[in-house]
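User: Hello! I'd like a close look at the aromatic side chains in this model, please, and at what surrounds them.

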Amino acid sequence: MKITLRIARNELASLFYSPIAWFILIVFSFLTAMKFTSMIESTLSYLDVYGYNPLDVSSQTFNQYLGMYGFLAKIVDNLYIYIPLLTMGLLSRETASGSIKLLYSSPVTSLQIVGGKYLASIGFGLCMMLVPMASVIYGSCIIPHFDWLPVLVGLLGLFLLIAAYCAVGLCMSSLTSYQVVAAVGTLITLAVLKFVGRVGQEYDFIRELTYWLSINGRTSNMLSGVIRSEDLIYFLAVILLFLSFTTFRIAFGRSAVGKFRRALCYCGVFVAVLAVGYLTSRPAAIRVWDATRTKQNLITENSQKVLADIEGPLTITNYVNLLDNASTSYLPLSMKQNETIFDPYMLFKPDLKVKYVYYYDGTPASWDNPRFRGKSVEELRDYMATIYNLNPRLFKSPEEIRRIKDLSGEEFRFVRIARTADGREAYIRDFNDMQRWPGEAEITAALKKMISTPPVVGFIQGHGERSTTRPGDRDYTDFTIAKYSRSALVNQGFDVCEIDLSKGEAIPEEVRILVLADMKEPFAEEEMQIIDSYLERGGNLWILCDVGRQQAMNPLIARFGLRMEEYQLAQPFGDFYPDLILSRATPESAALSEGFREDFPKRRLRVSMPGCVALTKTGEETGYTLTPLLATNSTAWIEKEQTDLREAPVACNPDADEQRGVYCTAYAAERETNGRKQRILVTGDADCMSNAELSSQREGYAAGNFYLIVEGFRWLTDGGFPIEIRRPEPDDNRFSVGVEAAGPLKIIFLIILPAALLLTGVGLWFVRRRN
């Protein structure tokens, strides 16, 4: 070991005597410092102009240093430029000058030579880490409650990447006497390691090996504050692989060894590394430590509990239709990348398996290109397989896929189907939004729906109510059965059905929530008996009233101690019609759910209710505890003179007994019955959940209609669905300095630090010349 350290010390001294090494160090430090100072200055300037957003409760430690857009990730993006210049002369310089022969003839082993040279290179790599470490120290001074652990994990990932690059560079340096060739060879090898993950992706076993061997994205977990055992093992294995190759190269140069034995040594080490990589990358062998305070890289406790309740293995099958435009993201080339959304779930359920079924079927509506018209599905398959360079036989025919699974109900679009060992299934879809992939809420909801009895929401029909099947503006398709809408009830763990009381249909026993929206005609006596029977068994109810429905709906909501006012509300706001009522969550609503307590006040959400009536208490004892849920601001009044608030200017007229004030537009009612809590929601408007209102975009306020739907149904299911994935707020969400700190920051990192390095390098050069 002493000899190895002596070689390392001499090599490190040689590096620091080299102007190339100092040039690399100074340029790297300066460019790195520029990225850091620009990030901090940009953030501080933004906060100086706009102030702190109460919605932004994210960790400033994470924002500035970690993740895809953090400071450490910016260093990783360009690190490959510097290391080849550093390592290109480690052994090639010795070979070119002939001094390598002195090493060969000395009593020094090949392993000691390689170990010394490598220690010297990573020693210089530690010097390159000075600027990142200085930036972290500075960040800890200006960010209160700085989250040290995940940043240290990120620095570890950065250093391991430098160490792996150095091992590759040392190996390339041992192959040639030309330093430039060694540098180019290092760049080529790093490029191969980056893109090897795309090789053989259509073959299961080869895909696992090549994807593991790829260095692309290997630091992404650590740069998010997560240590995964497979990443640590990967870096150690790659470093040992190239150091072994370098050792073999030197050892075989010192003694005559046959080609077969050489090939056996190289192949043996390579196969051993691949075997270790394959075995340690199996889900059952992976261990993970999330260093962040809020464990933001792991699934929440609610999701963990759902996984714990799933007995036996869980299989998620991806059904990929070649004739669907969305299939391009799920073909074999991207298969491993797409599986990453289930990595957090595999940590808590190692027997979760992800499979793929490729097929071609249907004629999706997106195929409107004239070149594709008139072609059979087989011709389309051959055409698309040629474009993607795939074997057409990889895809099952329409007859074959229909024997396996009928996907016509999914419009032959891409879909995932989770299946338990006893055959229970749930659909996990992609969505028509920017994020596209399902998040934790949607995945966990599907899994929980599969292993438990999903809450069934029944929508009353037969009296002009809003429909869940018609796509009209006033109807409720978007938040109920729209399969490719993220917030739809069917994607949040619910089942939806319609019940036509006018046809004598009974309310099924499995219905836990009944929705009655905008009933135009009162119930017949026998229909009211059906509703009463449902209420007596403890069923929950959401009633959505509307303007002009007092006669039909007041007798029903009177059972809960409420009534609709005779006239509608008016509330002037901006350039909108005065019948647009913007309701806010009341302070009393905070007791219902964390969403009402946190989201509505922090985000300043307003529920838009076009055409709304006020709800008031009747004062009669009904056994229900009433909680005001939504209310107007103090500028609203009940308009008694005009019935159409969009025809002429509307003003509050005290002479007509119109008074400005706060009016309740939604109530929550609760009572104990049959050993459980019965919950009722009543709103003074039915348009707030309509297709038209949910898709409308108005400026001047933050719409909270979707939040009302989510929190309303969550309260009605006693927190069961939608799944709550809320995390604790981080403490490090502020800066202790303002934009004035940007000036000293630039002086320290862009002037003092590079100048200190430059003066140190020049000083060493003068000392060496004097000696």
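Which residue lies over the face of Tyr 278, and at what distance from the ring centre?

Analyst: Happy to take you through it; please keep in mind that this is a predicted model. The residue over the face of Tyr 278 is Arg 282, at 4.3 Å from the ring centre.

Searching the whole structure gives 29 aromatic pairs. One of them is formed by Tyr 358 and Phe 395: the ring centres are 5.8 Å apart and the planes stand at 80°, so this pair is edge-to-face. Tyr 358 belongs to strand β4 (residues 352-359), while Phe 395 sits in the loop between α17 (377-387) and α18 (398-404), so that the pair links distant parts of the chain, 37 residues apart. Tyr 358 and Phe 395 are both buried.

Another edge-to-face pair joins Phe 573 and Tyr 701, with 6.1 Å from centre to centre and 80° between the planes. Here both partners are in loops: Phe 573 between β11 (562-570) and β12 (580-585), Tyr 701 between α23 (691-695) and β19 (702-703), so the contact ties together parts 128 residues apart in sequence. Phe 573 is partly exposed, at 28% relative accessible area, whereas Tyr 701 has 16% relative accessibility and counts as buried.

Strand β11, at one end of the Phe 573 loop, is also worth a look. Met 564 is opposite Leu 615 of β14.

Finally, some rings gather in a cluster: ring pairs connect Phe 36, Tyr 65, Phe 71, Tyr 138, Phe 146, Trp 148 and Phe 749. Trp 148 also takes part in a nonpolar surface patch with Ile 137, Leu 149, Leu 152 and Trp 289, and together these residues have about 490 Å² of accessible area. Helix α9 (residues 148-173) supplies the largest share of that patch, three residues. Leu 149 is in this helix and is partly exposed, with 44% relative accessibility.

Notes
Residues are numbered from 1 along each chain as its sequence is written. This is a predicted model: local features need pLDDT of at least 70, side-chain atom pairs count only at pLDDT 80 or more; totals for chains, interfaces and linings use all residues. Side-chain values use heavy atoms; hydrogens and water are left out. Rings of Phe, Tyr and Trp (its six-membered ring) pair if their centres lie within 6.5 Å; planes under 30 degrees apart count as stacked, over 60 as edge-to-face and the rest as tilted. Helices (H or I, at least four residues) and strands (E, at least two) are DSSP runs, numbered from the N terminus. Buried means under 20% relative accessible area, exposed over 50%, partly exposed in between (1.4 Å probe, protein chains only). A charge sits over a ring if NZ of Lys or CZ of Arg is within 6 Å of the ring centre and within 35 degrees of the ring normal. Patches are made of residues with over 30% relative accessible area and no salt bridge: like charges are joined within 9 Å, nonpolar side chains (Val, Leu, Ile, Met, Phe, Trp, Tyr) within 5 Å. Accessible areas come from the Shrake-Rupley method with a 1.4 Å probe; for residues, only the protein chains shown count as cover. A salt bridge is a side-chain nitrogen of Lys or Arg within 4 Å of a carboxyl oxygen of Asp or Glu. Two strands pair if DSSP finds at least two bridges between them.
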